[in-house]
Amino acid sequence: MAQALTHSDPHIGDRPRPAKNYLNATTGIWSWMSTVDHKRIGVMYLVAVLSAFFVGGMFALLIRLTLLTPSHKLFGKVLIDADAYNRVFTLHGAIMVFLFIIPSIPGSLANFVLPLMLGAKDVAFPRLNLASFYLWCGGAALAVTSMIFGAVDTGWTFYTPYSTTTQNAVGLMTMAVFTLGFSSIFTGLNFIATTHKLRAPGMGWFDMPLFVWGTYATAIIQVLATPVLGITMVLLALERAFNIGIFDPKIGGDPVLFQHFFWFYSHPAVYIMIVPGMAIISEIIPTFSRKTIFGYRAIAYSSVALALLGFLVWGHHMFVAGQSELATVIFSALTFLVAIPSGVKLFNWLATMYKGNISLETPMCYAISFLLLFAIGGLTGIFLGALSTDVHLTDTYFVVAHFHYVMMGGTVIAFIGGVHYWWPKITGRMYNEKWGRIACALVFIGFNMTFLTQFFLGSKGMPRRYYNYLDQYQPLHAFSTFGSWVLGLGLFIVAAYLLASLRKPMDAPDNPWGGTTMEWLTSSPPIEHNFEEQPVLEHEPYDYRPKVKKHA
Amino acid sequence: MEWFRSLMLPPQGSAFAAEVDALYMFLFWLSAVLFLGIAFAAIYFAIRYKYVPGRVTPHITHNTTLEIVWSVLPLLLCVVIFFWGLEGWMKYSVAPGESMEIQVTAKKWIWTFEYPDGSRTANDIHVPVGKPVKFIMTSEDVLHDFFVPDMRVKHDIVPGRYTEVWFTPTVLGPHHFTCAEYCGKGHSDMMGKLTVDNEADFKKWLETGGDDWKNYPPEVWGQMQREQKGCATCHSIDGTRGQGPSWKGIYGKMETMSDGKSYLVDDAYLQESMMQPNAKIVKGFEAIMPSFQGLLHPQDIRGLIAYIKTLK
């Protein structure tokens, strides 16, 4: 077995760690702020989106705490009133969607890993990459400002005419969303160009790691769909500022038109969120199963299929909103098509594990959590895609639970798994494996306690975005709140041991997991220009056969 | 299985509800089986193929037959589910021609209903059992959504448009309806009672507003009206400032109006405030209260005044 990249043979100490890496090549704040290194930008994004996740998560805990009892009282005092509650769930949604989940994987992990996987020195447009990070910061600043000056209470969907008539800082919030949209578009453009132009010699389209396929499919959606959100936000701003009737029926507009525009972006955005998550899982599962991926092409094509189908199903958010009955029927039929590529991926991952050599390190624990949670998220989507059941379930907690299973159980779990998977590469350090698994178990249990409960709340007829609720729902609400504490505890443990790992000297081998993709060929952390010499593709990705030649 | 269904879903108030539930339960069991299959495979593989140092794994790149099977079978299943859902949707979309029509106006944060005979109610609907009822709905401000969990129907209410929803109630007694499209501060309080009566009780209720009131002292009846007719949304009873003046200590007080004149709050003033709310506007408040003409029966007005008198 000539230097096969297997787990039993990680090249710990294969070669000395280079003295200079991307983290210490240059020093000082300015060297970071003006950096065009995709790795540094990726790290800055990671810090930024995780901060947003923390803030959004605090709001989530506050929402659950408020709903613990119908009286909203804690130690005899009312926690927050209805107005404050409406602002809190709006901020939770807007922060999580626009500041965290959408930029999370593309901005941080893909930014860091994509060029490495392609054997490239950087992304195609390094300056544009930095610009998109600063746009994110600008958007975040606007969002924070709108939080401080007059809270927004429209829900993250900004439905008109409520959003055009309320007296609050909706204008700032729409500017924030507009700015964040451009950040997303620039990132997408960059990844498309990088994937097309900067692949290592010998790497054809079907030699690319599946993470690259997923990121590429995502980039297509980012570039094509996000402008529609920008346009919608401009129209909304025009209506508010100049009283031009677009969405408000009082001045001749149509509120349902807003929903069409909004979901024309925001449904594809669901795939901007989930496809990168799936892409991470496609890396983790073969690595920890030490077996080639099953159905490489099917997984690659299904990412693209999801990206394209994602554009055709926006109307399923509006079955009872006032669009035509015929449109509703067509959207329902198209929606079912989404089940096929999603199912194909799930079955392929399971087939990859079949006859594998599976070890359950933390990233793999998250990957298996993802399989189970995403399965629930997908299957409950069928209840909502089917017309007659959707009428009962839409706008209830069933929908809340469903999209949390997809967004959090899917994307966020995959993201956390990916952070663990590439942590040694990014920081040069291993984290505490035991705590990693304990935290993963807590997150899994806490998540299910919180959100599985909400399927039952919704089925029982509990509408979403409700401050007050009927007493009959209290036991389920309380259980869901207890779950949120377990979930929160799990995530705090993750933060604690990851941060703790930064305090020790670098100890990560170049390829701690025995991965076969190119990012594992360079040192941990990588040198400033990624590779000592241009890597050349010598085998397809995920080739775990013995006799794999070792790269230089 | 009935107990299991009732564990997850609200009581069934119509034949349509039973049809929706049938699909729901089918999807529930299908999902349970598929989920357990996936979970079993993932966990079984992780245990059965547990890591052994040095073990070489087979190089299985794909299996066309298997991949076609697991693409086509779910597709077929989806086709069945789509048509099943469509069948219910067709019923939901088309109300029978002989339906009784009730006009619904939604407004932050009160429901008003108008019956064919001109009777009006707020946050309170009575319908006869076994007859299809069609709700023709519009909104005066923002989006709302009329959701009746026991009937398994809901539909958005859009300002500037009419939307419809219908059901045939089959179960006598109380049900509830609620707003399911976010509409601001009072969104979660925008709910009301749906009572399914037999034919005779329904007729009587239409004429007199029912005689439930005889069972209560006037001030208690008034307190109930405050909740049911939506007064509570804007008028507090503890002195807190709402959209309208608080009722605490209002009776017998001299109030200054927006035009500068002062009036004594007595029975006549209160009655006028309910029937023609914009005739006199208390200083510092907006003229936003709708008229309750036709909404409040004489016993309701008497009850409300009696109740307000108790709020010292």
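I take a residue as buried if 20 or more other C-beta atoms lie within 10 Å of its own. The model I am reading is predicted.

**Entry 1: A:P424**

I began with A:P424, which sits in helix 13 (residues 397-427) of chain A. I found 23 C-beta neighbours inside 10 Å of A:P424, so this proline counts as buried. I then listed its contacts, leaving out residues up to four places away in sequence: A:R429, A:M430, A:A508, A:P512 and A:S524. I also checked A:P424 against A:W513: the two are 89 residues apart in sequence, and their C-alpha atoms are 9.7 Å apart in space.

**Entry 2: A:A321**

I looked next at A:A321, in the loop between helix 9 (296-309) and helix 10 (325-353) of chain A. A:A321 is counted as buried because it has 23 C-beta neighbours inside 10 Å. With neighbours within four places in sequence set aside, I found A:A321 in contact with A:V256, A:Q259 and B:D156. For A:A321 and A:Q259 I noted a C-alpha to C-alpha distance of 8.6 Å and a sequence separation of 62 residues.

**Entry 3: the contact between the chains**

I turned to the contact as a whole, which takes 72 residues from chain A and 71 residues from chain B. On the side of chain B that touches chain A, at least two residues each come from helix 2 (15-48), helix 3 (64-93), strand 6 (144-148) and strand 7 (153-157) of chain B. Helix 3 of chain B gives the most to that side, with 15 residues. I sorted the chain B side by class and got 42 nonpolar, 17 polar and 12 charged residues.

**Entry 4: nonpolar cores**

I noted 238 residues in the largest nonpolar core, where A:V113, A:M173, A:I281, A:M353, A:A367, A:F370 and A:L371 touch the most other members. Helix 3 (residues 82-118) of chain A supplies the largest share of this core, 22 residues. I followed up A:M353 and, not counting residues up to four places away in sequence, found that A:M353 touches A:I285, A:S289, A:I358, B:A42, B:F45, B:A46 and B:Y49. I recorded a second, separate core of seven residues, among them B:W247, B:Y251, B:L304 and B:I308.

**Entry 5: domains of chain B**

I noted the division of chain B into domain 1 (2-93), domain 2 (100-210) and domain 3 (217-310). Taken over C-alpha atoms, the centres of domain 1 and domain 3 of chain B are separated by 56 Å.

**Entry 6: sheet 4-10-9-6-7 of chain B**

I traced an open sheet of five strands in chain B, in the order 4-10-9-6-7, with mixed pairing. Strand 4 and strand 7 of chain B are at the edges with a single partner strand each, so one side of each lacks a neighbour in the sheet. From one strand to the next I read an average twist of 20 degrees.

I went through the pairs in turn. Strand 4 and strand 10 (residues 191-197) of chain B run parallel and are joined by five bridges, and B:V127 stands opposite B:V196 in strand 10 of chain B. Strand 9 (residues 173-179) of chain B runs antiparallel to strand 10 of chain B, with six bridges between them. For residues of strand 10 of chain B I noted B:G192 opposite B:F177 and B:T195 as the bridge partner of B:P174. Strand 6 and strand 9 of chain B pair antiparallel over two bridges; B:F147 has B:T178, in strand 9 of chain B, as its bridge partner.

I then checked strand 4 (residues 124-128) of chain B for burial: four of its five residues are buried, so strand 4 is largely enclosed by the rest of the structure.

**Entry 7: sheet 3-2-1-5-8 of chain B**

I traced an open sheet of five strands in the order 3-2-1-5-8 of chain B, also with mixed pairing. Strand 3 (120-122) and strand 8 (163-167) of chain B are the edge strands, each pairing on one side only. The twist here averages 25 degrees from one strand to the next. I looked at one pair in detail: strand 5 (residues 133-139) and strand 8 of chain B run antiparallel and are joined by five bridges. The bridge partner of B:I136 in strand 8 of chain B is B:E164.

How values were computed. Residues numbered from 1 in each chain as written. Chains lettered and ligands numbered in written order. Predicted model: local features only at pLDDT ≥ 70, side-chain atom pairs only at ≥ 80, totals over all residues. Buried ≥ 20, exposed ≤ 12 C-beta atoms within 10 Å, placed from the backbone. Pairing = 2+ DSSP bridges. Contact = placed C-beta atoms within 7 Å. Nonpolar A, V, L, I, M, F, W, Y, C, P; charged D, E, K, R; others polar. Domains from an automatic or database assignment. Axes fitted to C-alpha atoms, helices over the stretch in contact; angles between N-to-C directions. Core = buried A, V, L, I, M, F, W, Y, C linked by C-beta atoms within 7 Å.
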